[in-house]
Amino acid sequence: MRKGFFLVCGAALMAALPVVSGQAQAATTAWTASACGAEPTMPSMDVSSVEHYNASVDKATTYEKAARAYNGCVARTANKEETAISNEAREKIAHIHEGSAAVQKRIATNFSRMTAALKAGSSKFGGGSH
């Protein structure tokens, strides 16, 4: 027997084992921050006269305040939800990794035991190549 033959075969077998894979599915609808209410609508601007211009400035200022508040709410909500999803994914990945690592460790241990047993048997029967 060639020394390490079973270790090489074991490594080749482990490389050929199927890899668990999953595909992420894209969201079919746009995400919204429902807790933030409705997005403010940009007002129309009319600069045809001084009076209309002044009214448009007031509308723009009101919109700017509302839009900034809404945007801040959306950003906080998105961050909170993204963090929760990330934490959940991290936990799922860790669970899968632990299971995969345990299988790989058991198989590697089995290959080591088989190699040791065959090596001992080879030595017992004269140590020559078969």
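These legends describe close-up views of a disulfide and two salt bridges in a predicted model.

In this predicted model, local features need pLDDT of at least 70 and side-chain atom pairs count only at pLDDT 80 or more, while totals for chains, interfaces and linings use all residues. Residues are numbered from 1 along each chain as its sequence is written, and side-chain values use heavy atoms, with hydrogens and water left out.

**View 1. The disulfide between Cys36 and Cys73**. One disulfide (a pair of cysteine sulfur atoms within 2.5 Å) is found in a search of the whole structure. The S to S distance between Cys36 and Cys73 is 2.0 Å. Cys36 lies in the loop between α1 (5-16) and α2, and Cys73 in helix α2, so the link ties together parts that are 37 residues apart in sequence. Helices are DSSP runs (H or I, at least four residues), numbered from the N terminus. The link is left-handed, with -85 degrees about the S-S bond. Both Cys36 and Cys73 are buried (under 20% relative accessible area; exposed is over 50%, partly exposed in between; 1.4 Å probe, protein chains only).

**View 2. The salt bridge between Arg68 and Glu64**. The structure holds two salt bridges (a side-chain nitrogen of Lys or Arg within 4 Å of a carboxyl oxygen of Asp or Glu). Here the N to O distance is 3.1 Å. Both residues lie in helix α2 (residues 50-124), four residues apart, about one turn of the helix. Arg68 is exposed, at 59% relative accessibility, and Glu64 is partly exposed, at 40%.

**View 3. The salt bridge between Lys92 and Glu88**. The side chains meet at 3.2 Å, N to O. Lys92 and Glu88 are four residues apart in helix α2, so about one helical turn separates them. Glu88 has 41% relative accessibility and therefore counts as partly exposed.

Notes: Helix = DSSP H or I, 4+ residues; strand = E, 2+ residues; numbered from the N terminus.
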